[in-house]
Amino acid sequence: MELRQLRYFLAVGEASNFTKAAAGLRVAQPALSRQVKDLEDEIGVDLLRRSPRGVTLTAEGELFLEEVREILKLTGESVEKVRALARGKNIELRVGYEPTLTVEILLPGIVAFHKSVPRAKVMLYDLSRDELITGLQNATLELAIMGQLTGAHTAGIEFESLRTYPLCVAVAPAHPFARLESIPLEMVAAEPLIGICRRGFPEYHRNLNRIFAPIGIKPRIAVECDGDSSLLIEVEAGRGVALFMPIFKLLTGERLLYRPVTGTTELASIGIARAIKGDVTPAGEKFCEILRKISDGAAS
């Protein structure tokens, strides 16, 4: 089935006459008739009733005509979107992100995207997990680069994992954990934990409770911070330990040490979140494609 055949059938169905349709399309009538007949043969249904006075639509033809109108409309819109992407015209991509978690893939993704679509404008929004979800749900964000989604409040959002990391505990070099190669989850639970404030980051505490639930221990938060930067400072100052993914090495260097946590199968995923019923533009799809390629080549 070809788009040309659909256009021919639409013209005949709307004109109710092969001669008028052929004139409007500027094609020979025999060629038009043959293409429409080939379409009917492929579908296996008579779409038109032919008579010396013209043609009328069968019941099947009336239904198919409406479907063809919609198909051709969507096709035309898609072509215009792709052309706009190629021109870089009027493209504004709204992307939310979790800054620390996405450090490995977001920056190279933005650089590669601007090289591919130089006139496009990427609007970045540094938001909390719950704010990102809300932004996707109310369509103020087209995409979000963030950690794995969990919980009923994420309804209507789909997540595509790009990178997966093991759970680690971050400690100061002088902490006793620094002498160990790995740390059992029970030992982590016995230490004062440095965490993120519950009011601004409720998802963090939901994840923390889920991690410790299998061993029946409630985590003891010694210090609550307003963000990752202050959290890392508190760990470096020796006020406690924190659960992180090894990607944080890119931010802290040798200031902190990271030891894998045993006794848990918990993995942390970073990826692309979008609204299931949302309209991701060709620019958004291009950005996702670039992030996938970068993620495939990123180092753990």
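This is a predicted model: local features need pLDDT of at least 70, side-chain atom pairs count only at pLDDT 80 or more; totals for chains, interfaces and linings use all residues.
Numbering starts from 1 along each chain as its sequence is written, and side-chain values use heavy atoms, with hydrogens and water left out. Helices (H or I, at least four residues) and strands (E, at least two) are DSSP runs, numbered from the N terminus.

Back to α6, residues 129-137. Its buried residues (under 20% relative accessible area, 1.4 Å probe, protein chains only) are Arg129, Leu132, Ile133, Gly135 and Leu136. Looking down the α6 axis, they sit within an arc of 160°, so they line one face of the helix; that arc is taken over directions from the helix axis to the C-beta atoms. They pack against several elements, including β3, β5 and α8, where contact means heavy atoms within 4.5 Å.

Now the core. Which residues touch the most other members of the largest nonpolar core? Phe113, Ile145 and Phe287, out of 42 residues. A nonpolar core here is a set of buried Ala, Val, Leu, Ile, Met, Phe, Trp, Tyr and Cys residues joined through side-chain atoms within 4.5 Å. Helix α11, residues 282-297, gives the most to this core, with 6 residues. Apart from that core lies another, of 20 residues, with Leu10, Leu32, Val55 and Leu57 among them.

Going back to Ile145: leaving out residues up to four places away in sequence, its contacts include Val95, Tyr97, Phe287 and Leu291.

How values were computed: Buried means under 20% relative accessible area, exposed over 50%, partly exposed in between (1.4 Å probe, protein chains only).
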